[in-house]
Amino acid sequence: MDILTSKENGILTIEFNRLEKKNAITAAMYQTMVDALKDAESDSAVRAILFTGKPQIFSAGNDLEDFMKNRPTGSDSPVFQFLWQISHASKPLVAAVAGAAVGIGTTLLMHCDLVYAADNARFSMPFTQLGLCPEAASSLILPQIAGYQRAAEKLLLGEAFTAEEAASMGLVNKVLPAEELLAFAQAQAAKLVALPAASIRVTKRLMKGGQTAEVEARMAQEIEHFGAMLAAPEAAEAFTAFFERRKPDFSKFC
Ligand SMILES: C/C=C/C(=O)SCCNC(=O)CCNC(=O)[C@H](O)C(C)(C)COP(=O)(O)OP(=O)(O)OC[C@H]1O[C@@H](n2cnc3c(N)ncnc32)[C@H](O)[C@@H]1OP(=O)(O)O
C-alpha cells in the first residue's frame, strides 16, 4: 500500500508509504487519499487529520512518470480532486514533514492548519524547473503568507529551502528535532480532537471561508495552465532529463 490510512483516537492519519520512489504520488495514491478524506468528512468519529511521510522523506511530489503516462486533464482528475478535498476540508489538517517535500509535497501544506517540520525538512516548488506553473492555489496563498518577493523567489527559481526558512516565511508553525516530530504533531492533533468539534469547525470556516471562492478560482486558472504546460515540450524535456539524471536544456524553447 503506497498510502497508509488509519483511524485512531479521533485522528485519521494519512501516511505516504512509497519510500523506494521517495513517496512520489501517483494518480492511484491521490484517489486513495480522496476516498479517505471524503470518508473522514462524513465520519463524526474523525476530528482531525494528520498527514505524514517517512523520517527520510515527506514526498517527492507528483510521480513524474505517472504525469507523462496519465496526464491529468481537468478538475475531475485525482490530483485536482485531492486538492479540492484538502482546500475544502471542514476538519483540521495537521502535517508532520521530515526530509524533502517537493512540489505538491510543499503546496499541500498551504491547506493544512498546523504544519510541523523536522530540522531535516527541505521544501521546494520546482514548477518552473519542470516547465510547469504553480498549483494548489500556491500562486495566491504563498504571496499572502510569505510576501511577494519571498514567494517569487521560491516559485520562480524553485530552489529548495530549509525548515527554518519555511518557519520564518509562515509556512511552518514549528521546527523540531527529527526524533520528536511525529509525537509532537500527534499530540497537537490530539488537542484538536479533545476540543469541541463544532468550535473547531466554525473557527476554521471563519478563518478560511472568506477566501474559498478566490482559492477555487485560482486553482481553476492554475489547472488550465498546468494541463497545457504538461503537454508542452519543455515539460517533456524536464521529465526526460530527470530520469536520464542530466540537466534539462531549455535553450531551444522561447
Ligand atoms: C501537481 C503536482 C506537481 C508536482 O508535485 S511537481 C514536482 C514533481 N517532483 C519532482 O520534480 C521531484 C523529483 N525528485 C527529486 O528531485 C529527487 O528524487 C529527490 C530530491 C526528491 C530525492 O533525491 P534522491 O535522494 O537523490 O533520490 P533519487 O535517486 O532522485 O530518487 C530515488 C528513486 O525515486 C524516483 N523518484 C523520485 N522522485 C520521483 C518523482 N517525482 N516521480 C517519479 N519517480 C521519482 C527516482 O526516479 C528513483 O527511482 P529509481 O531508484 O528507480 O532510479
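Strands are DSSP runs of E with at least two residues, helices are runs of H or I with at least four, and both are numbered from the N terminus. Two strands pair if DSSP finds at least two bridges between them.

The model is predicted: local features need pLDDT of at least 70 and side-chain atom pairs pLDDT 80 or more, while totals for chains, interfaces and linings use all residues. Residues are numbered from 1 along each chain as its sequence is written, and side-chain values use heavy atoms, leaving out hydrogens and water.

I then looked up β5 (residues 93–97) and β7 (residues 114–118), which pair in the parallel sense over 4 bridges. V94 stands opposite L114 in β7.

Next I turned to an open sheet of 4 strands, with mixed pairing and the order β4-β6-β8-β9. Its edge strands, β4 (57–59) and β9 (161–162), each pair on one side only. Strands β6 (residues 100–102) and β8 (residues 122–124) run parallel and are joined by 3 bridges. I found S124 in β8 as the bridge partner of V102.

Last, I examined the ligand. There are 21 residues around the ligand, and K21, A60, N62, L64 and I104 come nearest; a residue is near if one of its heavy atoms lies within 4 Å. The shell divides into 12 nonpolar, 3 polar and 6 charged residues. I recorded that α2 (64–69) and α11 (233–243) each supply at least two residues of this shell.

For polar contacts (pairs of N or O atoms within 3.5 Å), I noted that a nitrogen atom of the ligand is 2.7 Å from a polar backbone atom of A60. An N or O atom in the side chain of K22 is 3.0 Å from an oxygen atom of the ligand. A polar side-chain atom of R245 lies 3.1 Å from a ligand oxygen atom.

Note on methods:
Polar contact = N/O pair within 3.5 Å; in protein donor to acceptor, adjacent residues only side chain to side chain. Nonpolar A, V, L, I, M, F, W, Y, C, P; charged D, E, K, R; others polar.
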